[in-house]
Amino acid sequence: MRFRPHAGFVSATVGFGALYAVAVVFFYCDWLFDVPGANALAYGALLNLSLCAAAAAVFAAARRLWWNASRVTTTGVALYAVALGALVASTTTGSPALALGAGVAAGAAVGVLMPLWFGRIVALAADRYPAVLGAGSLIAAPAALVLDASPLPVLVVGCAMLVALSVALLLRAPRSVEVCENGKGQSPESVREARRLGCEQGAQPAARQVRAQGDGAGEGGPAGAELTGEDSVPAAALVVPGLYVLILSFAYGMLDVVAMASPVASASLSGFASQAGGLVAIGIFLVYVRIRGARYTVLLNGALAVVATGVLFLPFLPEGYSIVLVVITHMGWEVALLVLYTLAIGAFCDDRVALLGWGALAFALPRPALLAGSAAAAFLADGDQFAFTQMTVVAFALLYLIVSGVALLRSREQRAYQRALRRKDELIRRYQEARRDLQGLACEELATASGLTKREAELLVIFAQGRDSAYAERTLFLSRNTVKSYRKSLYAKLGVHSKQELIDRVNAAMPTDL
């Protein structure tokens, strides 16, 4: 069945993509090269530091329910205004300090605004949130490239318009597709904010309805979780994917430095090829979501395995191979980011407060790892050849493949053991059913041969199964004396004096080859 995007899906995609495009402009910071004396490493460090600080503040506020969407949105817009103003001032005056200030403000701005969109995507698109993440990223990447290649006035005005568009869609979503959160467990400010956005307290989240239908997009998470803001089991589902993304981010940062130093191609060509590969990776994610649905960890492991395998050949191939490898790594990194965002939303899609905090961390943490990888590559570089850096990356890739192989082997062994247990349980169940059937036939033959009444025959079946008189009283709705009387006559007709002799008599009447 074809998917027809509704107004909520389109609003979520455009709003998320617009904010993501502005974030990418500041992350890649091509405008920084127009500022004499600007230090790109210091800029990246301060931007990522402010991003992580904002994410930590959002996480803490969400846990303690100190949250008001209006104030947070206003803060994010103000920070972006400061960032764009500092950008203009730094490029016109040539002040490196103002450039650093632009990075600090931009990192904090996206750190507080992006978690709002993570929650809003679920409200607007319900179970289509993976497609929103992919489609939003797909429109954000070329938009950021166009802005980076534009003159400074166009870049600033374009970023301002995208921020305004994103915030407008964030606050004024179509009510026809609005999905409201349960106000239970929220602070009075957040409840008032939910009402202001068109929600009625007590409505059931769409994600919870999706969970009830068995959608597997979100891995791990209690279907009936309420909006208490407390940590819950789904957080554990993000640990392994989060570590994978951090490792891949670190490797991508190192390989990017190696590729930029390659004499075969220019840095601009390497950057363009990397961005083009990212677009292809996003397209692959969208196709995968459409075809496979919810097995995102498979996609993540596949991306990491491809990257790690490619890294192993880095020292043995021509210099131009580093350009190809960084493109492949960037593709894997884009897929890993989308998978991490998807798992974060899926794990907490029925808990708006927790999603704010964990979504902020999921968005913020990979990029400092990317910067750390770049810094490590520059520190480990051996002259202009970066030979030691290459070997370090190869060693990490080999270690990852070994660990993954061991984990895969253990996983296969565990699955095989579980399948064997299930087969054993099934065989036992079938044996027990067959034995009960044969036992029933033997009881019927004994009842006919011994002239038992209906009640006596029923008691015979019960006693042959090892049940006692109390069970017979409850099952047949008979009094203790009545059961005692029937048992006495049953024993007399069968010529036995105890229940064990009765069981032996029935077993003797069963086929001996069972």
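The model is a predicted one. The chain contains 19 helices and zero strands. Of its 514 residues, 48% count as buried. Among contacts between residues at least 6 apart in sequence, 79% join residues at least 24 apart.

| Helix pair | Angle | Distance between axes |
|---|---|---|
| Helix 3 (residues 69-93) and helix 6 (residues 152-171) | about 180° | 11 Å |
| Helix 16 (residues 454-464) and helix 17 (residues 469-476) | about 130° | 10 Å |

### Helix 3 and helix 6

Angles over 145 degrees count as roughly antiparallel. Helix 3 and helix 6, at about 180°, are therefore roughly antiparallel to each other. From helix 3, the residues Thr73, Val77, Tyr80, Leu84, Leu87, Val88 and Thr91 take part in the contact. They meet Leu152, Leu155, Val156, Cys159, Ala160, Val163, Val167, Leu170 and Leu171 of helix 6. By class, this contact has 14 nonpolar and two polar residues, and no charged ones. As background, an α-helix has 3.6 residues a turn, so residues three or four places apart point the same way.

### Helix 16 and helix 17

Helix 16 and helix 17 pack at an angle of about 130° and are therefore oblique to each other. The crossing of helix 16 past helix 17 is right-handed. On the side of helix 16, the contact is made by Arg455, Glu458, Leu459, Ile462 and Phe463. Helix 17 contributes Ser469, Tyr471, Ala472 and Leu476. These residues divide into six nonpolar, one polar and two charged.

Burial in helix 16 covers Glu456, Leu459, Leu460, Ile462, Phe463 and Ala464. After helix 16 comes Gly466, which has a positive phi, near 90°.

Phe477 lies in the loop between helix 17 and helix 18 (480-494). Its phi is near 55°, a positive value in a residue other than glycine. Most residues other than glycine have a negative phi. Is Phe477 buried or exposed? Residues over 50% relative accessible area count as exposed. Phe477 has a relative accessible area of 75%, so Phe477 is exposed.

Note on methods
Residues are numbered from 1 along each chain as its sequence is written. This is a predicted model: local features need pLDDT of at least 70, side-chain atom pairs count only at pLDDT 80 or more; totals for chains, interfaces and linings use all residues. Side-chain values use heavy atoms; hydrogens and water are left out. Buried means under 20% relative accessible area, exposed over 50%, partly exposed in between (1.4 Å probe, protein chains only). Helices (H or I, at least four residues) and strands (E, at least two) are DSSP runs, numbered from the N terminus. Axes are lines fitted to C-alpha atoms, for helices over the stretch in contact, and angles run from 0 to 180 degrees between N-to-C directions. Angles under 35 degrees count as roughly parallel, over 145 as roughly antiparallel, 65 to 115 as roughly perpendicular and the rest as oblique. A crossing is left-handed if the near helix is turned anticlockwise from the far one by less than a right angle, and right-handed if clockwise. Contact means heavy atoms within 4.5 Å. Ala, Val, Leu, Ile, Met, Phe, Trp, Tyr, Cys and Pro count as nonpolar, Asp, Glu, Lys and Arg as charged, and the others, Gly among them, as polar.
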